[in-house]
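This briefing covers strand pairing and helix packing in the structure shown below. Each topic is set out in its own group of points.

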Amino acid sequence: MGEFKVKSAFSPQGDQPAAIQKLAEGINRGDTGQVLLGVTGSGKTYTMAKVIEAVQRPALVIAHNKTLAAQLCSEFREFFPDSAVEYFVSYYDYYQPEAYIPSRDLYIEKTAMVNDEIDKLRHSATSAIQERRDVIIVASVSCIYALGDPEEYLKMSISLRPGMEKGRDEVIRALVAIQYERNDINFIRGTFRARGDVLEIFPANSSEKAIRVEFFGDEIERISEIEVLTGNILSVLSHVAIFPASHYATSQERLNAAMGNIEHDLMLRSKELRSEDKLLEAQRLTQRTEFDLEMMREIGF
């Protein structure tokens with residue numbers, strides 16, 4: 001397991017050694033709040049890097065906006081080149097929430113544009129948390145919003161090793177269950193392709209590397225990391241974990257239970273609205289909820 005190790009040409013100076021010691025002691029003691037004060041350029045980021053090194057714990061750094069988060073992420077990557085320093089911010093380039101104008105009986109659907117590169121970085125961050133301990137997540141305030149159940153996310157991951165008794169079709173079914181799509185032509189993030197006894201998977205947290213799984217009957221013979229563009233083998237792996245292609249992937253059992261609760265609540269609320277002679281509201285609520293339920297059945301979340 002990797003350890004945090006600051007790599008820098010500088011060493012703590014002035015008040016920094018005392019600040020590092022006191023902050024580290026406070027964290028180990030379980031203090032819920034501490035404040036590091038310092039003017040611009042006084043080395044606060046470096047001080048916090050040394051604190052992370054001292055306590056050897058995964059860290060979440062929350063910035064006010066994407067720009068500051070990107071700057072901090074770059075600085076922490078320089079301090080910790082051997083650790084996983086990940087960037088986690090909102091992946092929307094554009095977002096307009098749904099709206100309803102009663103005077104015109106007009107419903108405006110939600111519209112959004114997702115940045116694919118940021119989505120990849122978000123998946124890289126959540127995957128790193130599950131796979132190693134020397135992780136620093138630099139995030140904007142979007143990290144406080146729910147992504148789904150982390151235990152469910154880990155439970156739905158697919159673990160593959162050479163020699164494991166798993167057939168190609170079984171792995172394909174497992175990939176589909178965690179929101180991967182088969183695409184033998186356009187091989188992009190979150191897809192897989194199958195050619196005979198060879199299955200290639202493009203993980204959601206990668207942009208240049210994919211996983212090639214070779215089967216011999218119902219047994220995994222070899223697992224390789226390949227370059228997506230050329231197909232050249234970069235390394236042979238003894239183990240690989242494939243995490244869901246969506247942070248909102250959930251098991252069929254939990255999905256069925258959730259849909260049952262939604263349908264029950266819809267029945268009660270619709271009955272209440274109709275009893276108050278609010279027929280339009282009841283019809284609109286039923287229409288929108290049934291549409292969402294159909295989407296849940298089709299795409300899994």
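Val198 stands opposite Glu214 in strand 12. In this predicted model, strand 11 (residues 198-202) and strand 12 (residues 209-216) pair in the antiparallel sense, over four bridges.

**Helices 7 and 8**
- Helix 7 (residues 252-275) packs with helix 8 (residues 279-299) at an angle of about 170°, and their axes are 9 Å apart.
- Because angles over 145 degrees count as roughly antiparallel, helix 7 is roughly antiparallel to helix 8.
- On the helix 7 side, the contact residues include Leu255, Met259, Ile262 and Leu266, as well as Glu263 and Arg269.
- On the helix 8 side, they include Leu285, Leu293 and Met296, together with Glu281, Glu290 and Arg297.
- By class, the contact of helix 7 with helix 8 comprises ten nonpolar, three polar and six charged residues.

**Helices 2 and 3**
- Helix 2 (residues 44-55) and helix 3 (residues 66-79) pack at an angle of about 50°, with axes 11 Å apart.
- The two helices, helix 2 and helix 3, are therefore oblique to each other.
- The crossing of helix 2 past helix 3 is right-handed.
- Helix 2 contributes Thr45, Tyr46, Ala49 and Ile52 to the contact, and helix 3 contributes Leu72, Glu75, Phe76 and Phe79.
- Of the residues in the contact of helix 2 with helix 3, six are nonpolar, one is polar and one is charged.

Notes: Residues numbered from 1 in each chain as written. Predicted model: local features only at pLDDT ≥ 70, side-chain atom pairs only at ≥ 80, totals over all residues. Heavy atoms only, no water. Axes fitted to C-alpha atoms, helices over the stretch in contact; angles between N-to-C directions. Parallel < 35°, antiparallel > 145°, perpendicular 65-115°, else oblique. Contact = heavy atoms within 4.5 Å. Nonpolar A, V, L, I, M, F, W, Y, C, P; charged D, E, K, R; others polar. Left-handed = near helix turned anticlockwise from the far one by under 90°. Pairing = 2+ DSSP bridges.
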